[in-house]
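Good morning, and thank you for making time for this item.

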Amino acid sequence: MRILLTNDDGVDAEGLTALETIARALSDDVWIVAPAVEQSGKGRGITLTEPLRVNRLGEKRFSVTGTPTDCVVLAFGDLMPGKPDLVLSGVNRGHNVGEDCSYSGTVAGALQGMAFGVRSIALSQSLERFHDEVTAHWETAETYAPPIISRLLAQDWERGVVMNLNFPARPPEQVTEVEVTTQGFRQIGEMHAVRRTDLRGRDYYWMSFRGEKQDHAPGTDLRAMDDGKISVTPLHIDLTHRPSVHDLKKVLGGAPPKAVVA
């Protein structure tokens, strides 16, 4: 089995080292194509207005001056000798749950693999607190990801689905359960901009999260992280809200309207 690895934390990230450990428990044909620098929060962004540079770091290891999506596109189209059998993206430093999934570069790497028709999995390791001094329990992902992935690969997936794995901020011996979850959503207002002033009196902003404790719904990926469980969420890229399609067909369709409704 040929496995492609990518991430959004950059080619030198500790999580990518953990991901390589995970991949080598499954195969000895492991390729790495990852961003040269951190691309967190870039989502499914692709680089269109400047060239991409590739640096070969080893026989099967490359860095790219672009996003996770750029990396997967280049891996499939140019850097690998053939199509991989599996794409693994991560292991992200910090979980990717709830609305994180919509702007996560980690999830985006997996989505691009899926777009090319290859089964793809995003992996993230939760933190007690998102701060440089906090060390992630990489050993938790390393311990449980290989057997979970092997079981996922033994199942049939519907086309267009990626698996989103999140490991709790606990050492392996304190993790007692895996839960198949749905994508949860936080209360509005957690993301905000922090305004600061530079030495010349000009304002600038840092995007931030309030990190307030919330009571998340049972069965969601957010609640699984709260409860110290491993979360496995099947995601897909279809953003259509089908109940609304049904409702809108009652008022729109056929010849375009010409009168404004009061």
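**From single residues to the whole chain**

Pro81 is found in the loop that runs between α2 (68-79) and β5. Please bear in mind throughout that this is a predicted model. Is Pro81 buried or exposed? Its relative accessibility is 62%, and because exposed means over 50%, Pro81 counts as exposed. Setting aside neighbours within four places in sequence, Pro81 is in contact with Arg2 and Trp31.

With a relative accessible area of 43%, Ala115 is partly exposed. Between the C-alpha atoms of Ala115 and Arg56 there is a separation of 25 Å, while along the chain the two are 59 residues apart.

I turn now to two buried positions. Gly98 sits in the loop between β5 (86-93) and α3 (100-103). Its relative accessibility is 0%, so Gly98 counts as buried. Which residues does Gly98 touch, if those up to four places away in sequence are not counted? They are Gln183, Gly184, Asp221 and Leu222. A further pairing concerns Phe185: it is 87 residues from Gly98 in sequence, yet the C-alpha atoms of the two are 4.7 Å apart in space.

Not counting residues up to four places away in sequence, Ser124 touches Val91, Asn92, Gly94, His95, Asn96 and Thr106, together with Leu165, Asn166 and Phe167.

Val91, one of those contacts of Ser124, deserves a remark of its own. Val91 lies in strand β5, and the peptide bond joining Gly90 and Val91 is cis, with omega about -15°.

Next, a helix pair. Two packed helices are described by the angle between their axes and the distance between the axes. For helix α1 (residues 14-24) and helix α5 (residues 138-153), the axes come within 9 Å and cross at roughly 35°. The crossing of α1 past α5 is right-handed. Which residues meet there? On the α1 side they are Glu14, Gly15, Ala18, Thr21 and Ile22, and on the α5 side Trp138, Ala141, Glu142, Ala145, Pro146 and Ile149.

Finally, the chain as a whole. How many helices and strands does the secondary structure of the protein comprise? There are seven helices and 11 strands. Along the principal axes, the C-alpha atoms fill a box of roughly 65 × 45 × 45 Å. The radius of gyration is 20 Å, which agrees with the value near 18 Å that a compact globule of 262 residues would have.

Two further totals describe burial and surface. Of the 262 residues, 46% are buried. The accessible surface comes to about 14700 Å², and carbon and sulfur atoms account for 52% of it.

I close with the pattern of contacts. Taking those between residues at least 6 apart in sequence, 74% join residues at least 24 apart. The pair of Gly98 and Phe185, 87 residues apart in sequence and 4.7 Å apart in space, may be recalled at this point. Thank you; I welcome discussion.

Conventions:
Residues numbered from 1 in each chain as written. Predicted model: local features only at pLDDT ≥ 70, side-chain atom pairs only at ≥ 80, totals over all residues. Heavy atoms only, no water. Axes fitted to C-alpha atoms, helices over the stretch in contact; angles between N-to-C directions. Helix = DSSP H or I, 4+ residues; strand = E, 2+ residues; numbered from the N terminus. Left-handed = near helix turned anticlockwise from the far one by under 90°. Contact = heavy atoms within 4.5 Å. Rg over C-alpha atoms; globule rule 2.2 N^0.38 Å. Buried < 20%, exposed > 50% of the residue type's maximum accessible area, 1.4 Å probe, protein only. Areas by Shrake-Rupley, 256 points an atom, 1.4 Å probe, with all protein chains shown as cover.
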